[in-house]
Amino acid sequence: MKLSHFGFNLPEELLAEYPAENRDESRLMVLNRKEQTIEHKMFKDVIDYFKEDDVLVLNNTKVFPARLYGNKEKTGARIEVFLLRELNEEQRLWDVLVDPARKIRIGNKLYFGDDDTLVAEVIDNTTSRGRTLRFLYDGSYKEFREKLNDLGETPLPKYIKRDVEPEDQDRYQTIFAKNEGAVAAPTAGLHFSRHLLKRLEIKGVDFAEVTLHVGLGTFNPVEVEDLSKHKMDSEELKIEEKAVSIVNNALDDKRRICAVGTTAMRAIESAVSSNGRLNEIEGWTNKFIFPPYDFSIANCMITNFHTPKSTLLMMVSAFAGHDFIKKAYEEAVKEKYKFYSYGDAMLII
């Protein structure tokens, strides 16, 4: 498969600027791979496709307020700083993206907050757009993180042109988010309400929680026609014994195992043993899944509608079949489904 196989015409008005009024009332397109059928439902209807002892694999990563706005020393120029990952807790070192990048050099100082209580110094130019900052802060590490949280805002994707609103703090976070570390939400999980999760639990569905801290690499454009030459950024991953046991028992019993989102799918596919079972893991993954690919664990997937030529669309095509996804996406555009982070959902069985 080549990059050009994943292009399609996506009208701009189908990019979701806001979430659905209620989490579980997004639209849901259901693809049946065996029957090659497409159905149109509401997300809360997803419960009808699961039985007792089926498993939903959830990514419990938590988004932190990663976008800060500061001012450059002397000129006062407004600089956007996007926190990517913490490099050293003690030294307050962070990998960040800065915008506009051309204005920032090693040695520059940036000031944050109305009273300039937080100062950062640029100590390295790591990539064309990236920098390493050292935050200069006298208080404890806990106070420093609280200060970052106070000054930061919810890192909505760039395609959303509006300002961040108070409801985004809640809605750009899954209700099962626990482990802080993501700079983007695992968006398929955003559709689950507390009520729907409770109904699934009462039905006897099991939940296996994994943690994959979503980085911006997930959304980096693919710039090579030959997909085998694209390199994914590494993302931090943790799967513990409890999730392994739930998933492997379901495999033994030939139950439905549903990866909720491309990040949950990438997490479990990064931890497969040679005999096709799930392993515990704590580390990093840069796994890139594109057609053709044999999936080892999940036989079902919930995902949002993705943008043209994205690595997310490539993974979904590998799971559902390229031609079937192409047909489904044509239908989604025709039926005006909403795309991307706050968009509608797809269930592939």
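This is a predicted model: local features need pLDDT of at least 70, side-chain atom pairs count only at pLDDT 80 or more; totals for chains, interfaces and linings use all residues.
Entry 1: I started with the overall tally of salt bridges. The total came to 15 salt bridges.

**Entry 2: Arg67 and Glu80.** I looked up this pair next. Their side chains meet in a salt bridge, with N and O 3.2 Å apart. I then checked where the partners sit: Arg67 belongs to strand β5 (residues 67-72), while Glu80 belongs to strand β6 (residues 78-88). The two are 13 residues apart, and the pair links distant parts of the chain.

**Entry 3: buried or exposed?** I wanted to know this for Arg67 and for Glu80. Arg67 has a relative accessible area of 7%, so I noted it as buried, the cut-off being under 20%. Glu80 comes out at 11% relative accessibility, so it counts as buried too.

**Entry 4: Lys158 and Glu80.** Which residue did I find in a salt bridge with Glu80 here? It is Lys158, and the closest N and O atoms are 3.0 Å apart. Lys158 lies in the loop between α1 (141-151) and α2 (166-171), whereas Glu80 is in strand β6, so this contact ties together parts that are 78 residues apart in sequence.

**Entry 5: putting the partners together.** I followed the shared partners and found that salt bridges join Arg67, Glu80 and Lys158 into one network.

**Entry 6: Arg162 and Asp168.** The side chains of Arg162 and Asp168 form a salt bridge at 2.9 Å, N to O. I checked burial here as well: Arg162 is buried, and Asp168 is buried too.

How values were computed
Residues are numbered from 1 along each chain as its sequence is written. Side-chain values use heavy atoms; hydrogens and water are left out. A salt bridge is a side-chain nitrogen of Lys or Arg within 4 Å of a carboxyl oxygen of Asp or Glu. Helices (H or I, at least four residues) and strands (E, at least two) are DSSP runs, numbered from the N terminus. Buried means under 20% relative accessible area, exposed over 50%, partly exposed in between (1.4 Å probe, protein chains only).
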